[in-house]
Each structure stands twice: as structure tokens, then as C-alpha cells.
Amino acid sequence: MALTIEDFTRESARIRTKRISFFLVAVGLLIVLAMVGITLGSGNLSVMDSYHALWEGLLTRLSALISWISTGSWAETAPDTPEIVVWDIRLHRVLFALVAGFGLAIAGTIMQGILRNPLASPFTLGISSAASCGASVAIILFAGVTLVSGNLLVVLMAFAFAMAASFLIYSMARHKGLSSSSLILAGIAIMYLFSAITSLIQYFGSSDQAAAVVYWMFGSLEGTTWTKLLIVTAVIAILTPYVVMRAWDLNALAEGDEIAKSIGVPVERTMTIFMMISSVITAAIIAFTGTIGFIGLVAPHITRMAIGNDHRWLVPASGLVGAAILLGADNLCRTLIYPSVIPVGIMTAFLGVPFFLYLFLKRGDTGW
């Protein structure tokens, strides 16, 4: 029986309501996880002490901002110990987990869209292997193991190598005719290349240096700061609106190159732009955190199963799901064997591997 206009209108309204509900639930979950995260960690603060310190710190900073606007001088009172613990240790970690999870999920959504592969992500294309290689070079050949924590050179080298891998993948794929299959094959080759280089560098390094490289590759939020949070937030805030505005192009690419060309989408140029955006977002995050995998693989699939394939909704919704996954994983890392903290990259791997195996066994040969 053919659908009438009324049936189509009702179905559209139902889908829209479902998507809005999903957004509201995701935002609510993020708020809960963030409020829990603020109460976790050292400092022997109760839950109410943590929230009181958060509120007092917010009022103090708002008062200082108003003073700066009115008088031109930043007058901020000295914080007490609970406020220092919450604002200088816990809060930027929670916010960084939120922003990093959001960005990694968006990067994964982009890569799955342009490659039309449910197992694709920036990590399966060798971006993380290249970043690990860059960090290894900085730690063993230049910086030394004692400078790993917060070392600018490690961050810059990891970012530079990740972007170099992206350009190599693009150049190799373009030589064979830019397509999803050529990008995947080029990414696999690059991944093994940089993994081999990293292993070779570790072999010639000292045991302490090799251990530092391995710890970096675990992925951790221990070294977050307000400055790092600002940098990553700026990158994501600049690039994400463009991705959402060009979501129709992602929808077209996900249907196949021929369909995209038939409706006027410049396939090669669009794939190149989206690939570079995904690479920049991923590189900017893992340069500060080390390897945090599976967020870009799992979050888009969870979201796609809930609200469908329309990238106008899928991109921001996947970001919210990715933020919730990383924030929840970090909360688990800080509570499972307290007072020790498990690197969050290990926890995301434990959470992501079962889902990856499900996709591989159930959907790997059937695409979407």
C-alpha cells in the first residue's frame, strides 16, 4: 500500500522526535558523568565539598571577570584547597575527556562515511601508529624520558607524524585513483610502516625510554591542562561546524561515488577535505593524550543504530556518544583500583574490542 502524505508526515515527525529524544538523553548522560567525574580523585573531598568548591570557584572567576571588565584589573581571591583540587586537577580533566571523546567520535563518523566501511576509523588508517612513531622519536632520540610529561616536543612530533601519515595516505591513494579501497589499502601500509619504525626506535632505546614510549601509547588523561583543553576545543570548534554544514556531501559519499557524482558532489575534493579534517582532529587530540582507540569506531555505530544514517544528525550525536564513552571510561579508570589510575586507552580497548568483534563477525562483509 502506497504511503500518503499524512503517513509520510507522521513518520517524519516520529523520526525527528526520536532523534531529539536521543540528543536529550545523551546530554543528560554527559551531565551526570561530568558531575560524577568531578567528585573522583585524590584530595579526600566529599561529594558535597567537591560541588561546593566547583560553585565557589565559578563565582570567584565570574567576580574577577566582572572586575576586569569594569576596572581593567583582574582581582581574584586566593583559592582554598578544595577549590584548587577541583579546578586545577579534576575539572579540566573531565572537560578534556568530554571534548576529546566528542572529537574522536566525529573523526570516526567522517571516515566511515567517506570510506563506506563500518570498520573504518582514523586509527585503522595508521594515524595513531604515526603519532606513536613521532612520540617515540621525540622521547628516545630527542627529548629523553625525563621530559615526557607535558613535553612540547613530544606533542609537536606526534602531531607532525600523524599529519605526515595523512598526506602519505592521500598521495598513495590519489596515485591509484582516489577511492575508499585505495585509501584503506594505503592506510594499512602506512600503519605497518610506522609500527615497524616505532619498534626499531624502541629496540635502540634504553629500558626507561622504551617504557616511556609504551606508557604514552597506552593513552592517558593524566597530563591534561587548561591550555591543552583550550587548544583541542578550538580545533574541534572550528572544524565541526563545517562538517555539519556539509553533511549532505557525507550522505552522498556514503551512498557511493557514482551517486555522489550524479548529484554534483566533487568526490575527490570532498573526500580529501573530509579526510584532512578527520586527521587534524584526531592528531590534535592524541598528540596530547597518546593512543585512545575505539571511540571513533564504536560511537558512530551506536548512534547510527539509534537514529539512522543522516549525517546532519549523526555527526553531532556521535560526538555526544563519544564524549559519554570516554568520560565514562575515565571515571572507571579512576575508581576500579583506587588510588591507582588505569590509562584510559586500556579501558576504551576493553570496552571497544567486544563491539569491534561483533561488527567484524556480524556485519564485516555486508557494509552498512
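What follows is a walk through the nonpolar core and the salt bridges of this predicted model.

The largest nonpolar core comprises 103 residues, and those with the most contacts inside it are I114, L183 and I281. To this core helix α3, which spans residues 81-115, gives the most, contributing 18 residues. The surroundings of I281 illustrate how the packing is made up: leaving aside residues up to four places away in sequence, I281 touches G103, I106 and A107 as well as V235, I236 and L239.

Turning to charged side chains, the count of salt bridges comes to six. One of them pairs D330 with R93, whose closest N and O atoms are 2.7 Å apart. Because D330 lies in helix α13 (residues 311-333) and R93 in helix α3, this pair ties together parts that are 237 residues apart in sequence. Both ends are shielded: D330 is buried, with a relative accessible area of 0%, and R93, at 8% relative accessibility, also counts as buried.

D330 also forms a salt bridge with R334, where the closest N and O atoms are 3.6 Å apart, and R334 is itself buried, with a relative accessible area of 6%. Through shared partners, salt bridges join R93, E222, D330 and R334 into one network.

Another salt bridge brings together the side chains of D249 and R246, at 2.3 Å from N to O. Here the two partners fall into separate accessibility classes, since D249 is buried at a relative accessible area of 11%, whereas R246, with 31%, is partly exposed.

Technical notes:
Residues are numbered from 1 along each chain as its sequence is written. This is a predicted model: local features need pLDDT of at least 70, side-chain atom pairs count only at pLDDT 80 or more; totals for chains, interfaces and linings use all residues. Side-chain values use heavy atoms; hydrogens and water are left out. A nonpolar core is a set of buried Ala, Val, Leu, Ile, Met, Phe, Trp, Tyr and Cys residues joined through side-chain atoms within 4.5 Å. Buried means under 20% relative accessible area, exposed over 50%, partly exposed in between (1.4 Å probe, protein chains only). Helices (H or I, at least four residues) and strands (E, at least two) are DSSP runs, numbered from the N terminus. Contact means heavy atoms within 4.5 Å. A salt bridge is a side-chain nitrogen of Lys or Arg within 4 Å of a carboxyl oxygen of Asp or Glu.
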